[in-house]
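Here's a friendly walk through the structure shown below. Take a look at it first, then read on.

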Amino acid sequence: MFAQVIDFLKDDAFIHHVLERTPESSSHWENYFVLHPEHTAYAEEARAVLQAPADVACGLSADESLDLKKRILYTLIAKSV
């Protein structure tokens with residue numbers, strides 16, 4: 001369940017959707033937000049974090065930011081293998 005922004009930022013499927021959108025992922029997330037419109041604002045904030053330039057403050061600590069970047073890179077590398 002996605003109860004806050006960090007939940008979206010930890011979800012591999014959401015990360016893939018934001019960084020490498022496909023028709024399948026778009027369909028999945030459109031359906032999700034039809035069922036859970038209350039989570040849309042959290043997802044939009046998470047999307048902004050994922051797409052933000054490196055020098056934009058996003059409310060994460062330095063350790064959280066580094067962990068997030070590592071997860072994103074790991075997710076992208078794992079997908080390409």
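## Starting at S26

S26 touches H17 and R21, leaving aside residues up to four places away in sequence; a contact here means heavy atoms within 4.5 Å. You'll find S26 in helix α3, which covers residues 23-35. Helices are DSSP runs of H or I with at least four residues, strands are runs of E with at least two, and both are numbered from the N terminus.

Is S26 buried or exposed? With a relative accessible area of 13%, S26 is buried. The cut-offs are simple: buried is under 20% relative accessible area, exposed is over 50%, and partly exposed is in between, using a 1.4 Å probe and protein chains only.

## What you're looking at

This is a predicted model, where local features need pLDDT of at least 70 and side-chain atom pairs count only at pLDDT 80 or more, while totals for chains, interfaces and linings use all residues. Residues are numbered from 1 along each chain as its sequence is written, and side-chain values use heavy atoms, with hydrogens and water left out.

The chain has 5 helices and 0 strands, so from the N terminus the elements simply read α-α-α-α-α. Of its 81 residues, 28% are buried. Its accessible surface comes to about 5,500 Å², and 58% of that belongs to carbon and sulfur atoms; the areas come from the Shrake-Rupley method with a 1.4 Å probe, and for residues only the protein chains shown count as cover. Take the contacts between residues at least 6 apart in sequence: 69% of them join residues at least 24 apart.

## Where α2 meets α4

Helix α2 (residues 12-19) and helix α4 have axes that come within 10 Å and cross at roughly 65°. Those axes are lines fitted to C-alpha atoms, for helices over the stretch in contact, with angles running from 0 to 180 degrees between N-to-C directions. On the α2 side, the contact is made by F14, I15, H17, V18 and L19, and on the α4 side by A43, A46, R47, L50 and Q51. Sorted by class, that's 7 nonpolar, 2 polar and 1 charged residues. Here Ala, Val, Leu, Ile, Met, Phe, Trp, Tyr, Cys and Pro count as nonpolar, Asp, Glu, Lys and Arg as charged, and the others, Gly among them, as polar.

## Y42 and its neighbors

Y42 sits in helix α4, residues 40-51. Y42 is partly exposed, at 31% relative accessible area. Which residues does Y42 touch, not counting those up to four places away in sequence? They are F2, A3, Q4, V5 and F8. Y42 and D7 are 35 residues apart in sequence, yet their C-alpha atoms are 8.7 Å apart in space.

## Two salt bridges

Side chains of opposite charge can pair when their charged atoms come close. A search of the whole structure turns up 2 salt bridges, each being a side-chain nitrogen of Lys or Arg within 4 Å of a carboxyl oxygen of Asp or Glu. One of them joins D12 and R71, whose closest N and O atoms are 3.0 Å apart. This pair links distant parts of the chain, with D12 in helix α2 and R71 in helix α5 (residues 62-80), 59 residues apart. D12 is partly exposed at 37%, and R71 is partly exposed at 33%.

The E44 and R47 pair has its closest N and O atoms 3.6 Å apart. E44 and R47 are separated by about one helical turn because they are 3 residues apart in helix α4. E44 is partly exposed at 41% relative accessibility, whereas R47 is buried at 15%.
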